[in-house]
Structure formats: structure tokens, C-alpha cells
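Trainee: I'd like a close look at one part of this model. Please take me through it step by step.

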Amino acid sequence: MAHAIKFHPGMSLLEQHAEGTLSADIALAVAAHIDLCPHCQQLSRDITTDLACQLAQQPVKTNNTDWQQMLNDIMAQPQLPKQATTMQQQVSAQQAEPIIVNQREFILPRSLQRLAANRCKWLQLGGIATAKLPAGNDYHISLLYIDKNTEVPQHTHLGLEMTLVLAGKIVDENGEYSAGDLLINSPDDTHTPRTMADEDCLCLSVLSAPLKFKKGLTRLLNPLQQFFY
Ligand SMILES: [Zn+2]
């Protein structure tokens, strides 16, 4: 990726991701960020190594024979040569079905591809389109496309909002976000995300509660809330 990613999940999120203790919906956003971010790929490898070391240092309750047998079994797992793995990943990236919206094609990070293949149909409102993904249990997960030169009306959050930029760029009052950047907003945050005149944007959106729109006529805000949630 040519540009540097500026907005990463915190260390605690990466640790919980490695431990497998995050809810599935949040883990999805973190995994997709890691797919796009070499920096967090390295951190995750380091965390996993640390966890493995900690586990190895814990006293083993089973007897020595079982432990040895388990190690033997693990070591006996066939390992693909590194070259082959890389080629396999390239093939699966090539085979991934692109997401088509507004006559634009996007290839998603590997961790999102299977889920995105089962997306609901795109709903469109002005320059904004959204397609719900079938994962959400506690959270609402969707792909969010914002055409060039388009503004999402100012809103705050009734819960947690995680937005991972998958392609293109958005800006809000707090900064500028490009592919790989992960924005985390809470009920304290109010913002007005928009795209620039020359670039559209595709995001993954994870919401724990509806957005709360702040401006405009009340009777128009309810449908808007339903559109995003
Ligand atoms: Zn990162």
C-alpha cells in the first residue's frame, strides 16, 4: 500500500483479537484492518508469539507422555512451502469476486470476502449506498459506499461505530482517512464524514446502535436513521 495507514486499532484490541476474546463483529473489522496493515500484521505476530511463550511456560496438567504426543502431532502437521502459500493467496485474491457498486469494482480484504459474497442488496440514498452483511449478532455490519463529493449528514452515535476505509478516502472534522484506516467513534463523538470532489470511498461499517442525526427536519431523520442501521 503506497500511503501509510494512520489510524490503527489500539494494542488492547489487537491483544483481544489474538486471544480470540473479541465479539465476532468487532473481530471482523480488526481482522480486515490487519489484512490491509503491515504494521499491525507484525504486531499481531509478536503478540501471538508472546501468547505462545506464556502458554508454553504454564505448568502442564497432563502427564509427560501426552504432552510429548501432542507436540509430535503438532510438528507432524504438513506445512506448505512458503512460495506455495504465497501463490495460493495470489490465486484466491484473483478469484475473489469484486464488489460492484456505482459501476465501480472493489476487491475486498481476504477476511471480508466470504461474508461480503452474502451481502444484502444495495440500498441507495443520494450518493450513499449501503449493503448489510449477514454477520451481525450484537452489531450491525454493512458495506458503505460514498460517491465523490458527498456528505453523510452530521451525526452522533448511540453506541460504538467502527468504520474501516477499504478504498478511497473520507474526511471529517477530526482528520483524513484512507484505505486501511480504522475510525472508532463513541457516543461522545459528533462528526460529518464526507468524500472529496475527486474520490469516492468504500468502507466497512460496524455499529452497535443506530446513528443519531442532529440537523434537519425531525420527520426526515427517522428514515435516514433506518437507512444506516
Ligand atoms: Zn494497523
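Trainee: Which residues in α1 meet which residues in α3?

Mentor: Keep in mind that this is a predicted model. From α1, the residues are L14, E15, A18 and E19. Their partners in α3 are C40, L43, S44, I47, T48 and L51. An α-helix has 3.6 residues a turn, so residues three or four places apart point the same way. Read both lists with that spacing in mind.

Now the geometry. Helix α1 covers residues 11-19, and helix α3 covers residues 38-57. Their axes lie 9 Å apart. The packing angle is about 55 degrees.

Helix α2 takes up residues 24-36. It has 13 residues and reaches 19 Å from its first C-alpha to its last. That is close to the 18 Å expected at 1.5 Å a residue. Its buried residues are D25, I26, L28, A29, V30, A32, H33, I34 and L36.

Step back to the protein chain. It has seven helices and eleven strands. Of its 229 residues, 28% are buried. Take the contacts with a separation of 6 or more: residues 24 or more positions apart account for 66% of them.

Last, confidence. The chain averages a pLDDT of 85, and 82% of the residues score at least 70. Over residues 84-89, though, the pLDDT is below 50. Beyond near neighbours in sequence, that stretch has one contact in the model. Where pLDDT is low, the predicted coordinates should not be read in detail.

Terms used
Residues numbered from 1 in each chain as written. Predicted model: local features only at pLDDT ≥ 70, side-chain atom pairs only at ≥ 80, totals over all residues. Helix = DSSP H or I, 4+ residues; strand = E, 2+ residues; numbered from the N terminus. Expected span 1.5 Å × (residues − 1). Buried ≥ 20, exposed ≤ 12 C-beta atoms within 10 Å, placed from the backbone. Contact = placed C-beta atoms within 7 Å. pLDDT = per-residue confidence, 0-100. Axes fitted to C-alpha atoms, helices over the stretch in contact; angles between N-to-C directions.
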